[in-house]
Amino acid sequence: MATNSQEESSNHAKKERDTDYSMVVLENAYQFCGFNLKINRFINANLGYSAYVWDAYFEKENINFIGKKVIELGSGTGIVGILTTLLGGDVTITDKSIVMKQIDNNIAINVPAACRHRIKARPLMWGEDHTNFPTGYDFILGSDITYSSLAHPALLETLRYLSRQGTTIYLCSEIRTKNGCLSFQNKLLPQYFTCQVLARSESKDIILHKFTKIGDSSPGDGVVNESK
C-alpha cells in the first residue's frame, strides 16, 4: 500500500477456462514500500468489487507490522495482506470463498517461501462465521469494504468481535454518497470506535480512516487465541 502506485503499462489479459465458468486474468505490476508485486485479478460476474485493487498508505504512515497479528477483511486480490506480510506482520487474509483462488495465487507469486509461515488465507462471511476466528488482533485492515449498506451491520459486528482495546483499524474507502458509506463511517462506527482521518485523495474520492475501540470489554476484548 502506498500513496503513489506505479502500474506497468504492459498489462495483459488472458482468458482462462475454469471448471464452471470463464474468467479473465489481469496481471498488474506495482511498486509499494520498496517491494515489486505482481497482482493477478480474476474478473468475472461473481467477484464484484473484491476484484479491484485500491491504493493504500503504509509507506506514508511508516507503520510497524513486525511481529504484529493482522487480519484483512474483504481482501480481494490480497495485495494489502501480502504487503503487510512482507513488512513483517503475521497476517490472516480473508474474503468470500469464491475469492480464495485469486488470493492463494497472488500469495504464491509474491510471498517468498521464508515468509509463508506468516500468512494464511481463510474464507470469512461477516456476521456469520467471524466467531470461528480469534479475537484481539493488533491491526484490522479493510480496503473499500464499506460499499454496500446491506453489509454494514454484519461488518460492524465482525469489527467489534475481532478487535480489542489497543487494536488499530485502518479502512481505506471510496466515498459513495448513495450507499450509506459516510453514515457508516461518520455516525455508526464512532459509537464504538474513535475515528481519525489520516489521508484523503480528492481526485479519487478516497479516504483513509483510523479507528480504535472505545473503552468497553466486549465482545472481542482479549488476546489473539491461535487455536481458532
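**Reading helix packing and salt bridges**

Reader: How are α4 and α5 packed, in angle and axis distance?

Author: Two packed helices are described by the angle between their axes and by the distance between those axes. In this predicted model, helix α4 (residues 152–162) packs against helix α5 (residues 181–188) at an angle of about 35°, and their axes are 11 Å apart. The crossing of the two is right-handed.

Reader: Which residues of α4 and α5 meet?

Author: From α4 come His152, Leu155 and Leu156, which meet Cys181, Phe184 and Leu188 of α5. By type, the residues of this contact are five nonpolar, one polar and no charged.

Reader: Now for charges: how many salt bridges does a search of the whole structure find?

Author: The search finds two. In one, lysine 69 pairs with aspartate 90, with the closest N and O atoms 3.6 Å apart. This pair links distant parts of the chain, since lysine 69 sits in strand β4 (residues 69–73) and aspartate 90 in strand β5 (residues 90–95), 21 residues apart. Lysine 69 is partly exposed because its relative accessible area is 26%, and aspartate 90 is partly exposed at 23%.

Reader: And aspartate 138 and arginine 164: what is their N to O distance, and are they buried or exposed?

Author: Their side chains meet in a salt bridge at 2.7 Å, N to O. Aspartate 138 and arginine 164 are both buried.

Note on methods. Residues numbered from 1 in each chain as written. Predicted model: local features only at pLDDT ≥ 70, side-chain atom pairs only at ≥ 80, totals over all residues. Heavy atoms only, no water. Axes fitted to C-alpha atoms, helices over the stretch in contact; angles between N-to-C directions. Helix = DSSP H or I, 4+ residues; strand = E, 2+ residues; numbered from the N terminus. Left-handed = near helix turned anticlockwise from the far one by under 90°. Contact = heavy atoms within 4.5 Å. Nonpolar A, V, L, I, M, F, W, Y, C, P; charged D, E, K, R; others polar. Salt bridge = Lys/Arg side-chain N within 4 Å of Asp/Glu carboxyl O. Buried < 20%, exposed > 50% of the residue type's maximum accessible area, 1.4 Å probe, protein only.
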